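Please examine the model shown below.

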Amino acid sequence: MPARQPAREASSTAIRVASVPSNHVYVRHLAPVDAEASPIIRRLPDPDPDDPGRSTVSRWWPPAMLEPEWVRSSDTFDIFHLQFGFDARTPEELTALVTALRDRGTPFVYTVHDLRNPHHLDSALHNAALDVLIPAADALITLTPGAAEEIQRRWGRTARIIPHPHVVDFETMEAVQRARFLPDTRPTGEFRVGVHVKSLRASMNPVPVITTLIETVRDLPGAVLQINGHTDVLDPAGARYSDELADLLICAEAAGDLDLRIHDFLPDDGLWAYLASLDVSVLPYRFGTHSGWLEACRDLGTTVVAPSCGYYRDQGPVLEYGHTEEGMDAASLRAAVETAYRQRVGGAAAAGPGTSGLAI
């Protein structure tokens, strides 16, 4: 790889950052609350994938900024920051990207969110991508001490630990906090445990989790088990329909063992209202690294029961149960839910202005 050239002189008024993707909530919430904060950070909008010369409001996939041609042709940024979006890129394509950044003399910052890709059943492709990105980055960021230790162990690199900023907006967090002081509209003594199977990522192993929760919740007076899932997984006409999961949920619903909600992707306001309505959210993951879902629950005061795989325990206070690719420990899951039931453990309080994450 060519030797690094001197970096181009940054703008005298702002540091211009090409973040991939710029419109992701994690990246948006890195911005300082104080508009006058120094240094001033200007993030490039995500280019339109169909016309990289134009910005796009919401669609950023596939990320045009990952194209070496875009890097070479753009003279509008001082730092390149990668967070997500390289799932489908080959190691050769990523090598071409970092080579283009070196040729341009642009610093490359990589936020290592996933050491194991939750969408890939086989870890080989993601590992190969990390073998390109982590050694090539000028600076590394990660969320937790556990992830930083793994990065040091595997690549001999030091990552700066910066917990991710809030996922939920401050206004919603504050509204949810205020609502907690109002009379509860739910049945007296109700305790709602939720599992969201989404569109059944490769990292999810929901059947043993839900089976154990049915038995656990049945023994807790006033407890309700709520299962939410996307139409593509739970509707027979769905593109990713799962017979095993759908049969389990439909039979359990018919027996009165759970409250089943089938819907498409929820918009942010619907998602925040759903999470805030739960006392506990159980993450049914068998592998992974960090979780934005966990962060959102903490923002809203919803207790998280998290698996022992990955570094979820390092993100913040959770109740942990045993769950890895080798299997799930039913007794520890039951114990975690029973603890939440006894203690009504809350999540993190809403952060006020001035506590946003570090701007990069």
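**Helix packing, a parallel sheet and ring contacts**

The buried residues of helix 4 make contact with strand 5 (79–82), helix 3 (91–104), strand 6 (108–112), strand 7 (139–142) and helix 5 (145–155); contact means heavy atoms within 4.5 Å. Buried denotes under 20% relative accessible area, exposed over 50%, and partly exposed the range in between, with a 1.4 Å probe and protein chains only. Helices (H or I, at least four residues) and strands (E, at least two) are DSSP runs numbered from the N terminus. This is a predicted model, in which local features need pLDDT of at least 70 and side-chain atom pairs count only at pLDDT 80 or more, while totals for chains, interfaces and linings use all residues. Residues are numbered from 1 along each chain as its sequence is written, and side-chain values use heavy atoms, with hydrogens and water left out.

Helix 4 itself covers residues 124–136. Its 13 residues reach 19 Å from the first C-alpha to the last, close to the expected 18 Å at 1.5 Å a residue; the expected span is 1.5 Å times one less than the number of residues. The buried residues of helix 4 are His126, Ala129, Leu130, Val132, Leu133, Ile134 and Ala136.

Elsewhere, 6 strands form an open sheet in the order 11-10-9-12-13-14, with parallel pairing. Two strands pair if DSSP finds at least two bridges between them. Strand 11 (259–263) and strand 14 (319–321) are the edge strands, each pairing on one side only. From one strand to the next, the twist averages 20 degrees, where axes are lines fitted to C-alpha atoms and angles run from 0 to 180 degrees between N-to-C directions. Strand 13 (residues 303–307) pairs with strand 14 in the parallel sense over 3 bridges, and Ala306 has Glu320 of strand 14 as its bridge partner.

The structure also holds 8 aromatic pairs, defined for rings of Phe, Tyr and Trp (its six-membered ring) with centres within 6.5 Å; planes under 30 degrees apart are stacked, over 60 edge-to-face, and the rest tilted. Tyr285 and Tyr312 form a tilted pair, 5.8 Å centre to centre with 50 degrees between the planes. Tyr285 lies in the loop between strand 12 (280–282) and helix 11 (292–300) and Tyr312 in helix 12 (residues 312–315), so the pair ties together parts 27 residues apart in sequence. Tyr285 counts as buried because its relative accessibility is 4%; Tyr312 is buried at 2%.

Ring pairs also link Trp70, Phe77, Phe80 and Phe108 into a cluster.
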